Amino acid sequence: MEAFIILLLIAAAVLVGWWLWRKNSRKSEPAPPRPPVDPFADADTDVLRGDPKRLKAADLVELYGKTLAVRGTLRLSEGDYHWAEHFLDTGTGVKRWLSVEADPDVELVLWEEVTDTDLQPGPRELSHEGVSFRSDEKGKARYVSEATTGLAPTGTLRYHDYAGPGGQKLSFEAYGDDAKWEVAKGLTLDRNQVTIYHQSEEA
């Protein structure tokens with residue numbers, strides 16, 4: 001009987017020792033490495049200047065010394081690719097569109113409508129106001145309209161974009177298969193030129 005008790009005590013001591021060893025070995029295991037971080041991510045800029053990917057109706061956008069309100073937004077998608085176009089208005093007659101794309105870096109382009117022109121998309125190169133533009137991309141996307149955009153709640157968009165020097169753009173858009181082309185000229189903005197004031201989620 002005494003021998004059996006001694007064996008039990010030895011077994012218990014071995015189990016306790018093994019448990020203590022496992023506990024200490026877990027403590028000494030190195031922490032898992034942190035996931036890689038994009039060195040060009042603009043998270044700090046988003047904190048200071050607002051996040052353009054979160055723009056929505058009622059937010060304010062400050063650029064070139066003017067403060068414009070986002071009156072509405074088009075959320076566009078083509079396959080797995082998504083981007084947004086925001087309708088900006090000062091309330092004093094100045095109206096613009098701000099497109100926001102992430103591919104993967106965020107690109108901001110400020111657009112202004114071009115009227116009284118007979119330009120049509122299609123050629124490899126186009127000239128407008130003495131600037132030469134080359135065909136960049138074209139396709140057909142679906143959109144969802146939020147707040148005030150002047151468009152139906154949902155629909156399709158045909159587009160043909162041209163790129164020029166110094167971040168200049170020329171865009172043709174037609175909302176619907178039978179719609180006429182609308183022309184706009186754009187300028188790519190530096191991220192630091194734009195400050196966004198997000199309104200509350202309840203606004």
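Helices (H or I, at least four residues) and strands (E, at least two) are DSSP runs, numbered from the N terminus. Residues are numbered from 1 along each chain as its sequence is written. The model you see is predicted, and local features need pLDDT of at least 70, side-chain atom pairs count only at pLDDT 80 or more, while totals for chains, interfaces and linings use all residues.

Let's start with one residue. Asp-51 sits in the loop that runs between helix 2 (43-49) and strand 1 (60-63). Asp-51 is buried, with a relative accessible area of 13%; buried means under 20% relative accessible area, exposed over 50%, partly exposed in between (1.4 Å probe, protein chains only).

Now to the interior. A nonpolar core is a set of buried Ala, Val, Leu, Ile, Met, Phe, Trp, Tyr and Cys residues joined through side-chain atoms within 4.5 Å. In the largest one there are 13 residues, and Val-61, Leu-88, Leu-98 and Leu-189 have the most contacts inside it. At least two residues of this core come from each of strand 1, strand 2 (66-78), strand 4 (95-102) and strand 5 (106-114). A second, separate core has nine residues, including Val-114, Val-131, Phe-133 and Leu-170.

Finally, look at how residues of the largest pocket's lining divide by class: 13 are nonpolar, four polar and 16 charged. Here Ala, Val, Leu, Ile, Met, Phe, Trp, Tyr, Cys and Pro count as nonpolar, Asp, Glu, Lys and Arg as charged, and the others, Gly among them, as polar. A pocket is an open set of points on a 1 Å grid over the protein atoms alone, where a 1.4 Å probe fits, with protein on both sides within 12 Å along at least five of seven lines; lining residues have an atom within 4 Å of a point.

Notes
Side-chain values use heavy atoms; hydrogens and water are left out.
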